[in-house]
Amino acid sequence: AEELPLHPASVSFVTLPEWSALVPEGALESGSESRHLGLVHGGLPTGALRDEPVPDIGATCIYVHDDEQERQVLDRYPSARPVPMCTLMLRGALARSSNQAVMFLHRGHDRLDLAIADRGRLLLSNTYPARSSQDMLYFALLAVDGCGLQPKDVRVEHGGTHLGTHEVSLLE
């Protein structure tokens, strides 16, 4: 917090945990947003339901941030704009995949968010339950295999609030 400017020109933020779902534009009917999110996550958290178009893939990202965390950010920066982590990850993977397959991976407290793109095409964007480092490795390899790729051919960009050195070693 000490490194953040007191009066920034603009602020965008992601709060975790985030509930999100990508819905193809043709499948999204007005008023069906919460139903899509509930189908993906098995329920709905409290918070303001938002959506953000993702023209790169012809979809809309529906998401809900944690209310308390979001309120803390908005109290400090009233004109801040929430951004879904899902779209940041898939746009990052797409932008860095021009020469080879890339997996963007974010390790949270009990989940793994990832996006895989290859030569400008999004192959997968998903969230997995990951309570241990073995879960994280298993789902990362499952995602790569499910996309028809070989692990040695995929560059991994990793980060997250709960990514430890042991997990980085496993990924390598």
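This is a predicted model: local features need pLDDT of at least 70, side-chain atom pairs count only at pLDDT 80 or more; totals for chains, interfaces and linings use all residues.
A residue counts as buried when its relative accessible area is under 20%.

Let's start with the chain as a whole. It has 5 helices and 9 strands, and along the sequence they follow the pattern β-β-α-β-β-α-β-α-β-β-β-α-β-α. The radius of gyration is 17 Å, close to the 16 Å that the globule rule gives for 172 residues, so the chain is as compact as a globular protein of that length. Its C-alpha atoms fill a box of roughly 45 × 45 × 30 Å along the principal axes. Among contacts with a separation of 6 or more, 57% come from residues 24 or more positions apart.

Now zoom in on helix 1, which spans residues 33–41. Which of its residues are buried? They are Glu33, His36 and Leu37. These three cover an arc of only 95 degrees around the axis, which puts them on the same side of helix 1. In general, an α-helix has 3.6 residues a turn, so residues three or four places apart point the same way. The buried residues of helix 1 pack against strand 2 (18–24) and strand 4 (59–65). On the face turned away from that buried side you will find the exposed residues Arg35 and Leu39.

The accessible surface of the chain is about 9800 Å², and 50% of it belongs to carbon and sulfur atoms. As for charge, the chain has 14 positive and 23 negative side chains, and the centres of the two sets lie 4 Å apart.

Notes:
Residues are numbered from 1 along each chain as its sequence is written. Side-chain values use heavy atoms; hydrogens and water are left out. Buried means under 20% relative accessible area, exposed over 50%, partly exposed in between (1.4 Å probe, protein chains only). Helices (H or I, at least four residues) and strands (E, at least two) are DSSP runs, numbered from the N terminus. The arc is that of the directions from the helix axis to the C-beta atoms. Contact means heavy atoms within 4.5 Å. The radius of gyration is taken over C-alpha atoms; the globule rule is 2.2 Å times the number of residues to the power 0.38. Accessible areas come from the Shrake-Rupley method with a 1.4 Å probe; for residues, only the protein chains shown count as cover. Lys and Arg count as positive and Asp and Glu as negative; His and the chain ends are not counted. The place of a charge is taken as NZ of Lys, CZ of Arg, CG of Asp or CD of Glu.
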